[in-house]
Amino acid sequence: MQTIILQRGDLRFTAYAAGDGPLVLCMHGFPDNAHSFQHQFAALLAAGYRVVSVTLRGYEPDSQPANGDYRIEELAGDVIAWIDCLGEARAHLVGHDWGAVMAYVACARAPERFRSLTTLGIPHPARFTAIGTRKVPAQLLKSWYMMFFQLPVLPDYAIRRSNWSLLQRLWRTWSPGLGLSAEDWSTLCETFAVPGVREAMLAYYRQNVSPAILLGLASSPVNSLRVVPVRTLAITGAEDGCMDTRLYEYTMLERDFPAGLRIKRIEGAGHWAHREKPDEVNRLLLDWISAS
């Protein structure tokens, strides 16, 4: 595995890359980093793919835009720029959490650039606020942190206190069965402590999720991007403490995915199914992309 730099304009993104063959582009979420897919690399490489796991906008100083723009439209634009930078016309896209949100939007806007889409832990964002929270009201309680992050000052302080204990609590709540090693947690804390990263992580929520949007009282730009014309595999952990797995019954509609849709619920897994059940996720992923 080698470390490479991807670019979009003045922004530079660190990525981990290995292999040759069709491109599989992996995108992490919150609160995480590009090491999130470490358990997927070997399986994808053995199957003959080129694998790239990229650090999202804001998670390092060189990718923090001077204008502080973390709107989902710009985040999705990063995805296309990364594929261009890698010299590829098309890619298999794999996204977890915010990486999944970006993936849905990128595939809706530029489906011709993608061979397949695999999302982890996040249902279709265009349906989430419009339908999901009404059908599964318990999700509003699970989304408390999104509301909290809208507040000024307090979230910035709360996140960084006591060695990032709030973020550690989110990990434990969202994936109760996942025991992060001390080394993995140390690596994550190193990412969080980099100047500007805490502000960037909060900006994802502050610029894209408001209480009105979350409650379905206001529209998000994502709401108009309901049709995703790319073959989509949506993986949800049955024990997900972040996104209620029942949301998939109301937000993942076959008519929104005309190229094909498969939903797979993994028992005994939470929000980080790819870390908790890597063998099962890898089998699903390889089966899906090999047919694309």
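Guide: Let's begin with contact, which means heavy atoms within 4.5 Å. Here we read a predicted model, where local features need pLDDT of at least 70, side-chain atom pairs count only at pLDDT 80 or more, and totals for chains, interfaces and linings use all residues. Residues are numbered from 1 along each chain as its sequence is written, and side-chain values use heavy atoms, with hydrogens and water left out.

Visitor: Which residues is F30 in contact with, leaving aside its neighbours within four places in sequence?

Guide: Its partners are Y59, D97, W98, F149, L167, L170, W174, M201, Y205 and W272.

Visitor: What is a nonpolar core, and how many residues has the largest one?

Guide: A nonpolar core is a set of buried Ala, Val, Leu, Ile, Met, Phe, Trp, Tyr and Cys residues joined through side-chain atoms within 4.5 Å; buried means under 20% relative accessible area (1.4 Å probe, protein chains only). The largest core here has 78 residues, and F30, V79 and W82 have the most contacts inside it. Helix α3 gives the largest share of this core, 10 residues. A second, separate core has 22 residues, including C26 and L285.

Visitor: How should I read strands and their order?

Guide: Strands (E, at least two residues) and helices (H or I, at least four) are DSSP runs, numbered from the N terminus. Two strands pair if DSSP finds at least two bridges between them. In this model, 8 strands form an open sheet with mixed pairing, in the order β1-β2-β4-β3-β5-β6-β7-β8. β1 and β8 stand at the edges with a single partner strand each, so one side of each lacks a neighbour in the sheet. Strands β2 and β4 pair in the antiparallel sense over 4 bridges.

Key:
Buried means under 20% relative accessible area, exposed over 50%, partly exposed in between (1.4 Å probe, protein chains only).
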